[in-house]
Amino acid sequence: MNWVPADTENAHSSSVESCPSLRDVHSINPTQLMARIESYEGREKKGISDVRRTFCLFVTFDLLFITLLWIIELNVKGGIETTLEKEVLHYDYSSSYFDIFLLAVFRFKVLILAYAMCRLRHWWAIAFTTAVTSAFLLAKVIISQLFSQGAFGYVLPIISFILAWIETWFLDFKVLPQEAEEENRFLIAQDASERAALLHPGVLSDGQFYSPPESVAGSDEDSEEKQDSEKPIV
């Protein structure tokens, strides 16, 4: 009765388990890996990802949209010059919309500085702007008399509040996770390319191939004549 030691069985089982991983490594296509790495490096050279650029465009849209609504509100109240002087030079917290416009400018400057120029990969900047926006708008709605000034008393605070939270959602659930996933893919592809380079060395150059010298014309006939001459005469 044959008895196999436990160490031998464990070694055999570990070698069997490692076979699929080796097959996976051997199945890697170095050309595809290099193309993928070059695409990732091209994105890094651009300096900003596509999803982050979309976020910055939405932040710009936030500022422009609030500015447009504020200008419309100035016209509705009896002319831009008169209302602008009243809301800016004679600012009143309870009746002016100028502070909501400044709040949009504040969000734009902080977010563009943090996520476009400094390229932060953390949510603290947008958490700060959203918290300030929410607290200010809630206080303004409770204390001020905006609701007595018509539709814009509802529209500007609500739109500003919604846009601030959409920016937060987009950054936290789209921009940061997608960039982290792309970075992980780049690291995995780079690691796989290094392993593939060890398992699949580069294509040999022309100088590394050995080509035998071309045969001289008529060499077959000469070899046959030589064999006939070497045969013994009977």
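Glu179 touches Ser49, Val51, Arg52 and Arg121, leaving aside residues up to four places away in sequence, where contact means heavy atoms within 4.5 Å. This is a predicted model, in which local features need pLDDT of at least 70 and side-chain atom pairs count only at pLDDT 80 or more, while totals for chains, interfaces and linings use all residues. Residues are numbered from 1 along each chain as its sequence is written, and side-chain values use heavy atoms, with hydrogens and water left out.

Glu179 sits in helix α7 (residues 152-199); helices here are DSSP runs (H or I, at least four residues), numbered from the N terminus. Its relative accessibility is 9%, so Glu179 counts as buried (under 20% relative accessible area, with a 1.4 Å probe and protein chains only).

Ser96 is found in the loop between α4 (80-89) and α5. With a relative accessible area of 2%, Ser96 is buried too. Its neighbours in contact are Glu87, Tyr91, Lys140 and Leu146, again not counting residues up to four places away in sequence.

Here are the polar contacts of both residues; such a contact is a pair of N or O atoms within 3.5 Å, one able to donate a hydrogen and the other to accept it, and residues adjacent in sequence count only if both atoms are side-chain atoms.

| Residue | Partner | Distance |
|---|---|---|
| Glu179 side chain | Ser49 side chain | 2.6 Å |
| Glu179 side chain | Arg52 side chain | 2.7 Å |

**Helix packing around α3**

Arg52, a partner of Glu179, also belongs to the α3 side of the contact with α5. Helix α3 (residues 50-76) and helix α5 (residues 98-117) pack at about 165°, their axes 9 Å apart; axes are lines fitted to C-alpha atoms over the stretch in contact, and angles run from 0 to 180 degrees between N-to-C directions. The two helices are therefore roughly antiparallel (over 145 degrees). Among the residues that meet are Phe55, Leu63 and Trp70 in α3 and Phe98, Phe101 and Tyr115 in α5. By class, this contact of α3 with α5 has 16 nonpolar, two polar and three charged residues.

What is the angle at which α3 and α4 pack? It is about 110°, with axes 7 Å apart, so α3 and α4 are roughly perpendicular to each other (65 to 115 degrees). In this contact, Trp70, Ile71, Glu73, Leu74 and Asn75 of α3 meet Ile80, Thr83, Leu84, Glu87 and Val88 of α4. The contact of α3 with α4 has six nonpolar, two polar and two charged residues.

How values were computed: Angles under 35 degrees count as roughly parallel, over 145 as roughly antiparallel, 65 to 115 as roughly perpendicular and the rest as oblique. Ala, Val, Leu, Ile, Met, Phe, Trp, Tyr, Cys and Pro count as nonpolar, Asp, Glu, Lys and Arg as charged, and the others, Gly among them, as polar. Buried means under 20% relative accessible area, exposed over 50%, partly exposed in between (1.4 Å probe, protein chains only).
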